[in-house]
Amino acid sequence: MGDNGDEPSERRRSRWRGLVGISIVRLWRRATGTQSRRLAATVGAVALTIALLVVVTGVALGLADGGVVDDHDADVRIAPEDSTSLSAVDDVEEPRLGASHERTAEIRDADGVDHASPTLVELVELEADDGDGSERVLLVGVVPDDESRTVGGLPTDSLETGDSHYADGSYDGPRRGELVLSTAAADRLDAEPGDELAPTGPTIPEDDPVPATTVTAVEDAGDGADETPIALVHLSELQTLSGADDGELADQVLVWGETETAESAADEAYPAASVESIDRTNPSSLFDDGLAFATSLLALLVGVVVCTSFVATTAGMTVNEDRRTLAVLESVGYPTHSRLTIIAVSTLLTTLVGALVGVVLGVGGIYTVNAVASATVATGAVAAVHPVFVPYAVAVALVSGVVATPYPLVVAARTSVLEEVGR
Amino acid sequence: MAAGKPERNNGRLCRSFDRVETGPMSSHPLRRTTARDGQTSTDGEPRTAVRLTDVTHEYGSSGRHDRTVTALRDVSIDVRMGEIVGLEGPSGSGKSTILHAVSGLLVPTEGMIELLDTDLTDRSDRERTRLRRRHVGIVFQRFHLLPSLSARANVALPLVQAGVSRSTRRERAESLLEQVGLGDRIGHLPGELSGGERQRVAIARALVTDPDVIVADEPTGELDTATGADVLELLTDVGRERAMVVASHDESTLAVADRVVTLRDGRVVDDGG
């Protein structure tokens with residue numbers, strides 16, 4: 001038996017398990033023994049390369065996410081079951097959340113929740129004061145706080161904090177009459193900050209004129225490429241305008257804060273509603289953004305090349321020092337393919353360990369980059385982390401390991417048993 | 001020489017094993033209590049385990065080197081089962097080359113090497129490796145244990161390639177280590193063992209596949225006199241029902257041989273017969 005092709009599969013399996021076991025034990029003894037420096041060098045080199053890859057890919061993903069019109073920067077969204085987010089389809093009545101102010105206040109009070117706001121979306125015709133035509137604009141009602149948040153792709157910080165018109169449910173508090181227009185809406189209405197716009201159209205009763213609102217800011221929605229005319233207003237004012245004040249209706253409630261806490265508070269406030277955390281980092285967005293895609297592709301190529309070079313060099317040097325072991329294996333009856341299997345398994349295992357360390361370093365690096373960027377040049381996170389980074393980084397490292405393995409194998413195959421055991 | 005030697009048996013053994021790859025193994029891995037099939041020829045004489053016929057070997061004759069060194073010239077030696085053959089001669093006389101050729105680690109430039117009636121010179125590398133694993137145990141002067149593996153793992157090493165299950169490997173290795181007096185050193189790394197202990201581990205490794213032929217290259221060369229004597233006793237015990245070829249400069253080592261072949265400049269100058 002032994003090397004015959006017709007040997008029992010059980011024997012083959014035992015041999016494979018044994019060869020992998022020898023590889024693992026040797027690596028472990030090296031890692032914990034006095035010969036750990038070479039192993040540490042290989043693992044470290046792979047880890048640094050993979051960490052760099054993860055950080056650059058994270059920045060690219062952050063770049064890609066910033067370029068997509070992201071409706072909100074909230075962490076959790078509460079919506080009625082079976083609803084879609086921010087549906088702008090005309091005249092389609094969707095289920096809505098009731099008692100939104102009261103329940104959102106409960107969520108807001110929970111520990112770990114930074115802010116919570118119901119949002120209501122209504123398609124409203126706005127008309128400039130000079131009567132120069134009207135345009136349909138998607139109005140999004142929101143309760144802003146003193147932090148800058150993004151709702152409907154627009155920043156809330158140009159709206160006065162709070163929602164004074166609500167007045168504990170009486171809807172008779174002072175109106176702010178503020179409007180944050182998206183660039184697309186401002187272009188259509190030919191409006192600029194300071195202009196007054198009045199809701200109009202058949203839904204507004206002629207005998208009950210709605211006070212005009214003042215454009216407080218014109219902002220790009222998302223990356224500015226979105227052509228949807230959209231505007232932010234205070235929630236209670238939009239509720240009054242649309243009749244949603246009866247029942248304090250809202251399309252959804254957005255929650256900012258720690259995801260788990262926010263989710264549990266949301267579940268408590270709206271047990272029958274759909275509560276979901278918002279995943280803003282979608283790796284597929286990399287393919288939609290040319291610069292981000294190119295950056296991540298370049299990182300991938302550099303990662304593979306550098307990782308392969310490091311692994312090939314250090315594994316080759318390790319094998320060179322390990323020639324006697326290979327010679328001993330040959331002398332006790334290990335054929336070439338078994339000896340090379342041990343080398344290949346050792347190389348790939350080392351690479352795998354390096355990749356896992358690299359993922360940890362890379363994720364840490366992304367947090368560091370974000371912390372540094374926030375403290376210096378950026379207003380928020382510039383790099384994003386996604387769970388898919390783990391299999392991605394491991395796969396890249398393993399590909400590098402596979403590409404690098406032939407070199408140590410060649411070094412191993414050229415070992416002369418007589419030279420080594422004769423010494 | 002063997003006839004006059006006292007029978008040694010430390011009486012510690014007796015575990016029953018299956019032969020690793022080719023069939024039933026004796027109940028006693030160190031010494032075979034019963035002759036295996038084929039150990040005697042049809043005329044009742046012990047079977048020839050190793051036969052070198054007109055073997056010549058030149059190092060550097062592969063064409064890559066301008067100069068060649070002739071290590072063996074027309075060497076012919078027979079080693080029978082149960083016979084311990086010593087090889088003596090100065091450095092460079094060809095002792096190690098003969099051991100390597102018998103082990104199938106090298107193919108001589110000319111001549112024939114038969115291991116249990118199989119000519120090694122017309123076999124592929126892979127076949128020679130398989131024959132070595134099945135039939136030859138090697139004991140090196142410098143032990144050549146894998147430093148990162150425990151004594152037990154070192155002994156079990158040949159069984160991994162043979163596809164023996166882990167539990168059986170451990171069982172056999174532990175049994176052999178007990179039989180060579182290292183039952184309390186099973187989990188030790190080679191670096192934690194003395195020279196004599198390492199050589200005992202190496203001997204246990206050479207025996208773990210129950211080989212027919214043992215080749216030992218200066219097995220006591222790295223050991224002090226007392227330890228060397230212990231190792232020799234163990235080797236003699238091992239070689240009683242196998243064929244053993246021992247190369248050494250040391251007279252006390254060669255004294256355990258049934259006959260000593262003397263080499264000079266790659267030639268046999270005395271076959272000890």
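Tutor: In chain A, strand 2 (residues 113-128) and strand 3 (residues 134-142) pair in the antiparallel sense over eight bridges. Strands here are DSSP runs of E with at least two residues, helices are runs of H or I with at least four residues, and both are numbered from the N terminus; two strands pair if DSSP finds at least two bridges between them. Within this pairing, A:Val121 has A:Val140 of strand 3 as its bridge partner. Strand 3 of chain A is also joined to strand 9 (residues 230-234) of chain A, by five bridges and in the parallel sense. There, A:Gly141 is partnered with A:Val233 of strand 9.

This is a predicted model, in which local features need pLDDT of at least 70 and side-chain atom pairs count only at pLDDT 80 or more, whereas totals for chains, interfaces and linings use all residues; side-chain values use heavy atoms, with hydrogens and water left out. Residues are numbered from 1 along each chain as its sequence is written, and chains are lettered from A and ligands numbered from 1 in the order in which they are written.

In chain B, strand 1 (residues 48-59) and strand 4 (residues 110-115) run antiparallel and are joined by five bridges. One of the residues involved, B:Thr53, has B:Met112 in strand 4 as its bridge partner. Strand 4 of chain B is in turn joined to strand 5 (residues 118-119) by two bridges, again antiparallel, and B:Leu115 is partnered with B:Thr118 of strand 5. These two strands of chain B form a hairpin with two residues between them, and B:Leu116 in the turn has a positive phi of about 50 degrees.

As to the contact between the chains (heavy atoms within 4.5 Å), 30 residues come from chain A and 30 residues from chain B. Together the chains bury about 2700 Å², 58% of it on carbon and sulfur atoms; buried area is the accessible area, with a 1.4 Å probe, that two parts lose on being put together, summed over both. Seven residue pairs, both at pLDDT 80 or more, are in polar contact across the interface. A polar contact is a pair of N or O atoms within 3.5 Å; within protein, one must be able to donate a hydrogen and the other to accept it, and residues adjacent in sequence count only if both atoms are side-chain atoms. On the side of chain A that touches chain B, helix 1 (9-32), helix 8 (323-331), helix 9 (336-375) and helix 12 (417-421) each supply at least two residues. Helix 1 of chain A gives the most, with nine residues.
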